[in-house]
Amino acid sequence: MSQRTFSIIKPDAVKKGHAGAILAEIEKAGFKIVSIKKVSISKAQAEGFYYVHKERPFFGELTEFMSSGPIFPMVLEKDNAIADLRKLMGATNPAQAEEGTIRKKFAASIGENAIHGSDAEETAAFEIGYFFAGYELK
Ligand code: IDP
């Protein structure tokens, strides 16, 4: 059944000029891009987005990084979108990511790892609503 998920091309990938190549991988894998935009977020906005991680030791580093430059938040759609995007992204740490995954190809480290993808339906709903208004999701 068709499902929506939320993704972000992170500041490291945008800075290195990999946004187009990552979008091509996503489309090649069968995802429809429902909505996409280029934005820069503040540290406070990054903290709001990642509030589930607020107790983790890397929270400061993560929110600093996510507010360090432009990002491409987007809403993607396909059958089994949430799990399939996680598979296409690869492991959080690119050193452990499988060959052919986006993180294997484009990520440099566990922190600066090129792409975000929602991990569950509830998270996807929160994350889509954090970046997009209803009228942007036709
Ligand atoms: P995920 O993005 O693969 O779902 P999570 O464990 O949910 O991974 O962590 C969220 C994000 O936090 C990661 O994508 C990465 O950018 C950052 N992160 C995770 N672990 C570390 C770490 O040990 N050091 C620095 N940043 C980290």
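**Exercises on a predicted protein model**

H116 lies in strand β4 (residues 115-117), where helices (H or I, at least four residues) and strands (E, at least two) are DSSP runs numbered from the N terminus. Residues are numbered from 1 along each chain as its sequence is written. This is a predicted model, in which local features need pLDDT of at least 70, side-chain atom pairs count only at pLDDT 80 or more, and totals for chains, interfaces and linings use all residues.

**Exercise 1.** Determine whether H116 is buried, partly exposed or exposed.

*Solution.* Step one is the rule: a residue is buried if 20 or more other C-beta atoms, placed from the backbone, lie within 10 Å of its own, exposed if 12 or fewer, and partly exposed in between. Step two is the count: H116 has 19 C-beta neighbours inside 10 Å, so H116 is partly exposed. Across the protein, 33% of the 138 residues count as buried.

**Exercise 2.** State which residues H116 touches, not counting residues up to four places away in sequence.

*Solution.* Contact requires C-beta atoms, placed from the backbone, within 7 Å. Under this rule H116 touches S7, I8 and K10.

**Exercise 3.** Identify the residues around the ligand and sort the shell by class.

*Solution.* First, a residue is near a molecule if its C-beta atom, placed from the backbone, lies within 6 Å of it. The residues around the ligand are F58, E61, L62, T92, I110, G111, N113, H116 and D119. Next, Ala, Val, Leu, Ile, Met, Phe, Trp, Tyr, Cys and Pro count as nonpolar, Asp, Glu, Lys and Arg as charged, and the others, Gly among them, as polar. The shell therefore holds three nonpolar, four polar and two charged residues.

Technical notes:
Two residues are in contact if their C-beta atoms, placed from the backbone, lie within 7 Å.
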